[in-house]
Amino acid sequence: MRRTPFSALLLASLAVLAASCGGSSSNTTTTTGSAQTASCSKATLELTTPGKLTIATDNPSFPPWFIGKKADSPWDPTTTPTKKGYEAGVAYAVAHKLGFTDQDVVWKVQQFTQLFKPGSKPYDFDINQVSYNPKRAKAVGFSNSYYDVEQAVVSYKGSKIANAKSLADLKDAKLGYQIGTTSGDAINDTIKPSQSANVYSDSNAVVAAIKAHQVDGVVVDFPTALYMSAVQVPNGVIVGRLPSTGGKQEHFGLVTSKGSSLVVCLNKALSELRADGTLNQLQQKWIAGGAPVLS
Amino acid sequence: MNDPGRASRILGGGAGRSTAIASVSTLVVFGAIALIVVNSAGWPDVKEAFFNWDEFTYSFPKILSALKLNIEIFLVAEVFILVFALAIAILRGLPGPVFFPVRLLATAYTDVFRGIPTILVIYLLGFGVPALQLSGVPSSELFWGTASLVLVYSAYVAEVYRAGIDSVHPSQDAAARSLGLTRAQSLRFVVVPQAVRRVVPPLLNDFIGLQKDTALVALLGPVEAFREAQIISAADFNFTPYVVAAVLFIALTIPLARFTDWLIARERKRRLAGGLR
């Protein structure tokens with residue numbers, strides 16, 4: 001009986017203590033201004049680090065998006081910046097358009113999941129083959145397309161789908177894809193296989209599964225398919241490209257924090273790069289190759 | 001609560017007044033915490049990212065149906081773990097110099113499999129073994145994923161069993177042997193039954209862990225509840241599906257947790273009764 005009021009008092013005082021702690025730390029408001037005009041000079045941009053353009057991508061970053069020191073090798077964003085690969089090329093081209101020099105560009109490693117965590121972000125934009133969709137756009141900011149992407153099926157010589165000529169030939173295949181990619185939609189909506197597809201955490205696991213012959217084929221975006229079939233999968237083949245899901249052109253966008261004022265400027269830079277042929281040149285340079293479209 | 005003399009111990013015991021005080025202090029504490037969270041600057045963002053009702057209702061049925069695979073893996077793995085682990089524990093406890101290599105192997109097994117991160121075991125067996133392309137060896141990722149869990153958890157559970165076996169007083173074995181039971185019979189009828197009964201609560205503790213670790217099998221490709229949550233989360237850029245998965249895993253483990261509590265209470269009662277006899 002005597003004990004209870006005391007412990008209640010203790011609890012109440014703890015609560016007060018907790019309240020006072022919470023109060024002091026909850027003052028940091030991080031709202032990015034939206035009423036900014038579209039003057040996209042280096043000086044007026046709202047940047048994570050003033051004077052620097054902080055660009056994020058995952059580690060490792062694979063060809064043909066980023067290419068490391070050796071040909072066909074992935075790039076580690078914590079090492080010397082690479083200017084080789086399509087996304088590296090786009091990132092630097094955008095930086096130049098906004099008035100930054102190569103030295104002003106700072107790279108930051110961000111895993112896919114970190115892109116959509118709530119709160120402030122430690123980068124200005126992320127470039128990591130992120131496909132736009134309306135639900136995602138509720139959580140982050142998206143630029144317009146810097147690459148219009150198609151999905152493709154990768155298999156190995158001798159598999160039961162290596163010589164598939166149509167979507168119907170893929171129906172009975174065991175397929176796999178990497179989580180967070182739209183390749184899953186391509187499988188479920190376009191191929192509609194009889195067996196449910198396997199899902200992997202990262203592209204290394206996708207490659208491991210096809211090496212272990214646990215899947216007949218994997219669906220990845222077409223440029224990745226070029227690299228995967230040529231370098232990563234022994235006896236790899238591209239079975240073919242897939243028609244776009246639901247007739248909608250899929251595209252990759254640069255990702256910013258939600259409501260970032262930078263999006264306007266990124267779009268301006270990208271449309272200039274598209275108009276002057278830079279994007280096209282970069283594609284010709286880094287993403288070369290073809291494969292039939294399956295129907 | 002009809003009998004005031006038998007009020008809940010958790011609520012403070014005794015008269016209604018302390019119950020009231022307990023209720024008020026609980027309200028104050030949790031109310032204060034809730035107020036701090038809800039009034040924080042980032043709360044609207046966090047609420048949108050983690051507690052989005054539309055996302056919750058959209059993902060719930062999908063994740064629930066994926067949970068079936070977790071339960072299947074768990075049930076199959078549990079049976080093998082119970083048997084393997086007991087075998088290892090008994091091997092490790094074999095007396096005499098002849099059995100030294102056996103004891104050494106059993107010890108090495110528990111050391112190695114408790115020491116290696118489960119993720120590595122799963123990758124190594126799930127991707128590595130099938131990649132050898134040996135004929136007759138299954139390449140199914142579900143098979144190897146479950147096998148990895150059995151190997152890892154057997155190491156933990158073997159130690160639990162061993163603790164139980166060690167806790168049976170040597171006089172029990174001595175008495176059994178003096179009655180003419182062989183070493184094996186003494187183990188089978190005297191030592192192991194007592195040992196297992198004592199370690200049921202920690203065993204169930206490990207199985208609750210196993211229920212959650214079934215999610216690791218997803219690394220090899222099969223889509224279970226956690227992976228399904230991850231798929232939806234990555235597609236929609238929202239963390240609410242993970243909250244759904246958490247709710248389902250809690251719903252799965254709470255019955256087991258209460259069952260464990262009940263077993264502990266029953267064991268305590270039984271021992272006290274024995275002491276008074």
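## Confidence in the model

pLDDT is the predictor's confidence in each residue, on a scale from 0 to 100. This is a predicted model, in which local features need pLDDT of at least 70 and side-chain atom pairs count only at pLDDT 80 or more, while totals for chains, interfaces and linings use all residues. Residues are numbered from 1 along each chain as its sequence is written, and chains are lettered from A, with ligands numbered from 1, in the order in which they are written.

Chain A has an average pLDDT of 85, and 87% of its residues score at least 70. Within chain A the confidence is lowest in helix 1 (residues 3–25), with a mean of 45, and highest in strand 3 (residues 125–126), at 96; helices (H or I, at least four residues) and strands (E, at least two) are DSSP runs, numbered from the N terminus. Over residues 1–37 of chain A pLDDT stays under 50, and for this stretch the model has 40 contacts beyond four places in sequence, a contact being two residues whose C-beta atoms, placed from the backbone, lie within 7 Å. Where pLDDT is low, the predicted coordinates should not be read in detail.

## Two domains in chain A

The domain assignment of chain A gives domain 1 (53–148 + 251–286) and domain 2 (151–243), with bounds that come from an automatic or database domain assignment. Taken over C-alpha atoms, the centres of these two domains of chain A are 25 Å apart.

Eight residues of domain 1 of chain A are in contact with nine residues of domain 2 of chain A. On the domain 1 side of chain A, the residues that touch domain 2 divide into five nonpolar, two polar and one charged, where Ala, Val, Leu, Ile, Met, Phe, Trp, Tyr, Cys and Pro count as nonpolar, Asp, Glu, Lys and Arg as charged, and the others, Gly among them, as polar.

## Backbone features in loops

Most residues other than glycine have a negative phi, and most peptide bonds are trans. In chain A, the peptide bond from A:Asn59 to A:Pro60 is cis, with omega near -5°, and A:Pro60 is found in the loop between strand 1 (53–57) and helix 2 (86–97). A cis peptide bond also joins A:Pro63 and A:Pro64, with omega about 0°, and A:Pro64 is found in the loop between strand 1 and helix 2 of chain A.

A:Asp72, placed in the loop between strand 1 and helix 2 of chain A, has a positive phi near 65°. A:Asp72 is partly exposed, with 13 other C-beta atoms within 10 Å; a residue is buried at 20 or more such atoms, exposed at 12 or fewer, and partly exposed in between, with C-beta atoms placed from the backbone. In chain B, phi of B:Phe237 is positive, near 55°, and B:Phe237 counts as buried, with 23 C-beta neighbours inside 10 Å.
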